[in-house]
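Please read the points below with the coordinates open beside them. They are set out in the order in which a colleague might check them.

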Amino acid sequence: MIVHVLRFAFEEGATGAVREHVLVMMRRTASAVSVASATVGRGLGEEGGGVHAYCVGIAGLDALRRYMHDPLHVAGDPQVAPRPAGIAFGPDLFDDVAADLAARILALHEDKAALHPHGAAGLAALLTA
């Protein structure tokens, strides 16, 4: 099992409608067939709504590949990426102890970025912000 975690805060001034749209898009992405379990919502202890989280459980590398290229995920990336003020990836969790697992997951991300540069550009902007 691969558990992928994102923590993020919305950009200052994001309206309730914008916030809800992003959360709906994330929940839609998390509903992809290759996702075994998912949670999308406000971080615990964040009464003001400052930090949110997206967490999906995916049963292995083949399912991760399908998830990353699922039309729901590809369509959601450019709608979600511009909205957070910042995003923290991970820490992700794995029950596979293969020494090369991190490299294999990185290769999947690189493949997706090459095939879908519009989504990758939005995520890259978040990482450098």
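1. Basis. This is a predicted model, in which local features need pLDDT of at least 70 and side-chain atom pairs count only at pLDDT 80 or more, while totals for chains, interfaces and linings use all residues. Residues are numbered from 1 along each chain as its sequence is written, and side-chain values use heavy atoms, with hydrogens and water left out.

2. Overall arrangement. The chain contains five helices and five strands, where helices (H or I, at least four residues) and strands (E, at least two) are DSSP runs numbered from the N terminus. Their order along the sequence is β-α-β-β-α-α-β-β-α-α. Of the 129 residues, 36% count as buried, a term that stands for under 20% relative accessible area, as against over 50% for exposed and partly exposed in between, with a 1.4 Å probe and protein chains only. Among contacts with a separation of 6 or more, 75% come from residues 24 or more positions apart, contact being heavy atoms within 4.5 Å.

3. Core. The largest nonpolar core has 26 residues, and those with the most contacts inside it are Phe8, Met26, Tyr54, Val56, Leu61, Leu64 and Tyr67. At least two residues of this core are supplied by each of strand 1 (2-10), helix 1 (16-30), strand 2 (35-42), strand 3 (52-58), helix 2 (61-69) and helix 4 (101-115). Such a core is a set of buried Ala, Val, Leu, Ile, Met, Phe, Trp, Tyr and Cys residues joined through side-chain atoms within 4.5 Å. Leu61 itself, leaving out residues up to four places away in sequence, touches Ile2, Leu101, Arg104, Ile105 and Leu108.

4. Helix 2 with helix 4. These helices pack at an angle of about 20° with their axes 10 Å apart, the axes being lines fitted to C-alpha atoms over the stretch in contact and the angles running from 0 to 180 degrees between N-to-C directions. Helix 2 and helix 4 are therefore roughly parallel, since angles under 35 degrees count as roughly parallel, over 145 as roughly antiparallel, 65 to 115 as roughly perpendicular and the rest as oblique. From helix 2 the contact involves Leu61, Leu64, Arg65, Met68 and His69, and from helix 4 Leu101, Arg104, Ile105, Leu108, His109, Asp111, Lys112 and Leu115.

5. Helix 2 with helix 3. Helix 3 (residues 71-80) packs against helix 2 at about 50°, with the axes 4 Å apart, and the two are therefore oblique to each other. Here Tyr67, Met68 and His69 of helix 2 meet Pro71, His73 and Val74 of helix 3.

6. Helix 1 with helix 3. The axes of helix 1 and helix 3 come within 9 Å and cross at roughly 160°, which makes the pair roughly antiparallel. Helix 1 contributes His21, Val22, Met25, Met26, Arg28 and Thr29, which meet Leu72, His73, Ala75, Gly76, Gln79 and Val80 in helix 3.

7. His52. This residue lies in strand 3, and it counts as buried because its relative accessibility is 7%. Apart from neighbours within four places in sequence, His52 is in contact with Leu6, Arg7, Phe8, Phe10, Arg19, Leu23, Gly41, Arg42 and Gly43.
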